[in-house]
Amino acid sequence: MLLVKAIGRRLGYSVLTVLLATLLVFVALQALPGNLATQLLGQNATPAAVAQLDASLGLNRPAWQRYLDWLGGALHGDFGRSLVSQQPVLTEAGGYLRNTALLAGIVIVAGITLSLVLGVIAGLTRDRWPDLAISGLSLLGMSVPEFTVATLLVLAFAIRLNWFPAVVTAGPTATVGELLPAVWLPAAALTAVMAAYIIRMMRTSVIDVMSAEYVTLARVRGLSSARVLFRHALPNALLPTLNVIAINIAWLVGGVVVVESVFNYPGIGTLMIQAVHNRDLPVLQFIAVFGALTFVVCNLLADLAALWLNPRLRTPGRAG
Amino acid sequence: MAIDQHGGTAGIDDNVLMNGAAVDRGRGRGMSRRALLGAAALAAPLGLAACGSSGSGPSAESTAVTGAAAKGGTMRIARPPASAAESLDPASSLSAYEYLGTLYNRLVKQAEDGSVLPDLATSWESSADSVTWTFTLREGVKFHNGNAFTSADAAYTLAHILDPKIQSPQAGVLSPFLSTSGISTPDAKTLVVKLSSPNAEFVSLLMNYNCYLIPEDSSSTIGTTGIGTGPFRLKSFVPAGQGTVLANSDYFGGAPVLDAIQFTAIADIQARVDALLAGQVDLIAQTNIDYATSKTVTASSIATTATVKNAEWYVLPMLTTASPFTDVNVREAFKIAYQPQDLLDLAVYGRGTVANNNPVVSSDANYLDYQVTPDPDKAKSLLKAAGLGSPMQQLYTSTYDAVLTPLALAYQSSVKNAGINISIQTASADSYYTDVWMTKPFCVSYWYTGRPIDQLLNQIFRAGSSYNETSWSDAQFSALLDDARKESDAAKRKVYYQDAQKILVDSSGSIVPFFADRTTGLSKKVVNYKEYGFEFDYLHIGFKA
């Protein structure tokens, strides 16, 4: 009962968060210099031409009215049409979303798992050579900017060794088959950047947990190392890392613009940059909703996972 | 490339193609992404260059190969996308430029020396007063859908270009003297155009890349169907994505060497170069590779570079309606205060030709070889006489093009000798051509070389043109251009154009330090790459035999 209430409250806050995100994006876009009409018309943005375009796109209505119109449509699942291509936003964004899902999926499954494993190893072998190697490398991955990592990967594996393609040539309508050969280098670049946080978080919690009293007690009681590790230590060690993982997942799905640019990968980040440049409001609002939803869901899942891993959190106020 | 900058989108209704800015300056989106990556764009080529050069000397020079080509093959070309909603309509400012030369023909095209060559018009003549123009059209030409090409299609295309709904950049150039009522087609192979005022250079204006011919009644569909008379026919096209064109064996100029061309849109310049170096594409179109990257490309085992000489001219437009440039003496001072050779060496490593403030390229038949000697002391005294002493002037730049900021910096250091202090303001590349160009008093910009003299002088320098970037207004200059248009004798016309150039160099608001070469990246297997002005030879390009 209490659990249901807790989740219900969380859902309420989530909805509010998403709404606020859309409002913020809307306000921010109004604050940008120029509007869609001047961006489209560029040099030929004479007052008459701008007025004509504004009228044809409905941009001459007051801002609050435009926002409410959009909101009304969105609640019915109609996110409007892209101002640029006149395609329904869902259709337009659909391909890009699928491509991002592919890339994010690979990074989440392979990259996060790898980072967790490396973090555990580093924690268990503290101050010995595996820990030093892993910690050192992860620090490097954290400090080097992602476009540098990406470019170095391209230089080494695409240009010199020719194992992978350097860029995606198929464009936004690429099929999964066309993307698969090209997805590994971007995935590696993203993993390199993201891994450090998870590894270091995991390492610290493993060290903490392994020195806790209950672990010592379990050992003393004769439980095998494996059982101590997997049944007792790891679930607790994972708790602090869950939020880091959630944030990273949200970042992956929300659009990794720089890496997509270097590899010409047609993901949601690419669509976002195009939409900002063109001041394409319906597309941007959809991306804002999607990004906020992803973030909220990931955090919710992280909290649920924490509840599952740590039964003590299931009753409020008695986590000690 | 077209005149203005790319921005824009298309397709509001089916055929309401709104004019962003046309293509001239490379592709806006690609550049804005480059601006976003900022340091990456600088860091990455240096990284690659360091790995690539391995002490093999400064040979960044091109090895554009000509010779026997193997018949067939599919060439993969990487190109910057014009916009998220680019189209195949040649008249639109958002046309996917690289496709146009494969799919369509114009009435006339440009020779390497700038003169006019027949394309779908085999001959033309004008009345003595240069008002009525009669074109004889090529017979036996078919569109890709099998329909015969006739004068009706040519007339329709001209009307399409002038259509205010299309907002074609070339409409601004033609509409002062051309309207649809003056176009007639007495028979299927004759097109008659009656202008509302004389223009002896009218035919040269039809070479423009907005003037490719489309079939009659295709205005609403041409953006996606791409039906033309060209050496290739459209197989598929995804805006800002991939597209393929297949050889048209019935082409009137003979079948092309290649079987097909596959175009890939890649917005980021570095990504395009990476694709070339990794062997994913064979040629990078409409991309000027900077010096460091070109060394990497020539050092690679599979790629090389080709040079298109004097492909772009760089300009520092002074807005003549803004202080302090309202005073012609101040403008002169700024023009003679710098050393052009220094700017050429610093900004583009000497790869180009000094221009001495004349935007007409030396190979043009109407070129006037008139120099204004750089003279910092005279500049100083001119400024003092104008009451300015040691002026501080802001100069705007952006990362829109790789050369703009180096040029701004070079100019800044060069004019110190004349006591002019330049403070450089970096603006966002995203909105450079909407917020800075033609708005701020002093900035840096560029144009592609290749406009015939009437188009060049009237479109960019004449009062009343919407692309007059300095808002310069000189009645004598305009009168000379009108006189030239009325003059049917080419030699006498040349005199008018030369007089106009002298006024341009002396009193316009344009500082033109140099023409720069364009460096194109291509695979070592590509032969017969030939590009100049706005012309690309798609017919003979092929792979090594």
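1. Two strands count as paired if DSSP finds at least two bridges between them, where strands (E, at least two residues) and helices (H or I, at least four residues) are DSSP runs numbered from the N terminus. The model is predicted, so that local features need pLDDT of at least 70 and side-chain atom pairs count only at pLDDT 80 or more, while totals for chains, interfaces and linings use all residues. Residues are numbered from 1 along each chain as its sequence is written, chains are lettered from A and ligands numbered from 1 in the order in which they are written, and side-chain values use heavy atoms, with hydrogens and water left out.

2. In chain B, an open antiparallel sheet of three strands has the order β1-β22-β19. Strands β1 (69-70) and β19 (526-527) of chain B have a single partner strand each, so one side of each lacks a neighbour in the sheet. Strand β22(B) (residues 542-544) runs antiparallel to β19(B) and is joined to β19(B) by two bridges, with B:F543 as the bridge partner of B:V526.

3. A further open sheet in chain B, antiparallel in its pairing, places four strands in the order β5-β6-β8-β7. Its edge strands are β5 (121-126) and β7 (183-187) of chain B, and the twist averages 20 degrees from one strand to the next. Five bridges join β5(B) to the antiparallel β6(B) (residues 132-137), where B:L137 stands opposite B:A121.

4. Helices α10(B) (residues 328-336) and α17(B) (residues 490-507) pack at about 85 degrees, with axes 8 Å apart; axes are lines fitted to C-alpha atoms, for helices over the stretch in contact, and angles run from 0 to 180 degrees between N-to-C directions.
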